[in-house]
Each structure stands twice: as C-alpha cells, then as structure tokens.
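Welcome, and please take a moment to open the sequence and the 3D view side by side. We will walk through a few spots together, one step at a time.

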Amino acid sequence: MNLFILRHASAGVRRANPLLDLKRPLDKEGKRHCLQLAHILNALKIQFDLVVSSPLKRSLQTASLVGNETGYEAQILQSPALSPSANFKDFQQLLHEFADRENVLVVGHNPNLSAFLGQLVAGAAEADGVPVTRIRLRKGSLARLSFGRGPTVLQYLLDPRIVGALYTTSIKSSRRKTSRK
C-alpha cells in the first residue's frame, strides 16, 4: 500500500474554547495550499483509492479539497483514529482495515501524526508515554510511505514551502524568453 499522510492545512489561530476549536475551518492560505498540493499530485499522476479524515472540520476540508481536485469521487471516511486524541494502536487498526487498498490518503493533526509517522518509519515504540521518534510535519505537509509486509519506507515528504515552489515553477511558461530587436 502507498500511504499518504497529510497534516491539515492552515486553519488560523487555535481557539481557547475546545468546543469552538473542533469547528475551526481552514483559512484562505490553507485553502490555497490544498489546491496547490492537489495540482502537484495531479502532475505526479497520483489518484487515491480511499480518503480517510479526522472528524474535525479543518481536516475534513483539507481532505475534501485535495480529494476533489485529484478526482476522488467516493465518500470521505471519517475516523476517530485520526483525531488529535488518537493513539498509535487505533491508527494501526485503521491501516490494517484498509491494507487491501493501493493508494490511501489519511488526513489528521499533530502531534499524533508526527509520532505515528515516526513510529511507522523508525519502528520505535513509546518510552514513558513519549514517542521516541518524531518526523516534523508542518501544516499541509504530505508524507508518502510504502507500507506493506516488509519495513515501511518513507518515499518522500513534501513540506508546504516545497509544494509552493513546485506549484510556482509548474505554472510558469516553459517558453524561453527572447528579446526582439
């Protein structure tokens, strides 16, 4: 399975009230980043068999924008295994449930996505409740893992700055500029 782990895009400042924070939507920058990421994924000819998201609004919006722009037409599944309070055991169960799929996109939150990614790649368990290995995922970062019977391999990690740069270079004209005199 090719597992794509996406941290939700920018959603502004965290709200003090936890109930209001659950419904915090993407901001303008987050929506723009999702469209840029989808453009890059389309250029790489990546299509998803399944998209699974945390039930929080900002993750669902990220999953929906990226999914729709890459041609994903099925329903986006919601899973508490991707919520901010989820643990690695729940995440592993989710992966096991969809192991027969080829390209799976999961959208969630930090700090648990960084910890899950670190545990999948490094295979290190938690020590005293703290993950041993973490891989930094900025808002809107996408990691691609080759996940199967053997060891998990990190294929690539697209940081939002890299996505922006790739998008900018991909939309520029490929025609050379020449001066006419």
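This is a predicted model: local features need pLDDT of at least 70, side-chain atom pairs count only at pLDDT 80 or more; totals for chains, interfaces and linings use all residues.

Let us begin with S53, which sits in strand β2, the run of residues 50–53. Is S53 buried or exposed? Its relative accessibility is 0%, and buried means under 20%, so S53 counts as buried. The side chain of S53 has polar partners in the backbone. One of its polar atoms lies 3.3 Å from the backbone oxygen of S59, and a polar atom of the S53 side chain also lies 3.3 Å from the backbone nitrogen of L60. Leaving aside residues up to four places away in sequence, S53 touches S59, L60, A63, I76, L77, Q78, S79, L82 and V107.

One name in that list, L77, is our next stop. L77 belongs to strand β3, which covers residues 77–78. With a relative accessible area of 32%, L77 is partly exposed. Which residues does L77 touch, not counting those up to four places away in sequence? They are L50, V51, V52, S53 and F98.

Now let us turn to the aromatic rings. The model has 4 aromatic pairs. In one of them, the ring centres of F88 and F116 are 5.8 Å apart and the planes meet at 50°, so this pair is tilted. F88 lies in helix α4 (residues 88–97) while F116 lies in helix α5 (residues 112–122), so the pair ties together parts that are 28 residues apart in sequence. Both F88 and F116 are buried.

F116 also pairs with F91, and here the rings are stacked, with 4.7 Å from centre to centre and 20° between the planes. Because F91 lies in helix α4 and F116 in helix α5, this pair ties together parts that are 25 residues apart in sequence. F91 is buried, as is F116. Taken together, ring pairs link F88, F91 and F116 into a cluster.

Our last stop is the largest pocket, which holds about 160 Å³ of space. It is lined by 11 residues, and those closest to its centre are H8, R14, R24, R58 and N110. What classes of residue make up the lining of the largest pocket? There are 6 charged, 4 polar and 1 nonpolar.

Note on methods. Residues are numbered from 1 along each chain as its sequence is written. Side-chain values use heavy atoms; hydrogens and water are left out. Helices (H or I, at least four residues) and strands (E, at least two) are DSSP runs, numbered from the N terminus. Buried means under 20% relative accessible area, exposed over 50%, partly exposed in between (1.4 Å probe, protein chains only). Contact means heavy atoms within 4.5 Å. On a 1 Å grid over the protein atoms alone, a cavity is a set of points where a 1.4 Å probe fits but cannot get out, and a pocket is an open set with protein on both sides within 12 Å along at least five of seven lines; lining residues have an atom within 4 Å of a point. Grid points are joined across faces, edges and corners, and a volume is the space filled by probe spheres set on the points. Ala, Val, Leu, Ile, Met, Phe, Trp, Tyr, Cys and Pro count as nonpolar, Asp, Glu, Lys and Arg as charged, and the others, Gly among them, as polar. Rings of Phe, Tyr and Trp (its six-membered ring) pair if their centres lie within 6.5 Å; planes under 30 degrees apart count as stacked, over 60 as edge-to-face and the rest as tilted. A polar contact is a pair of N or O atoms within 3.5 Å; within protein, one must be able to donate a hydrogen and the other to accept it, and residues adjacent in sequence count only if both atoms are side-chain atoms.
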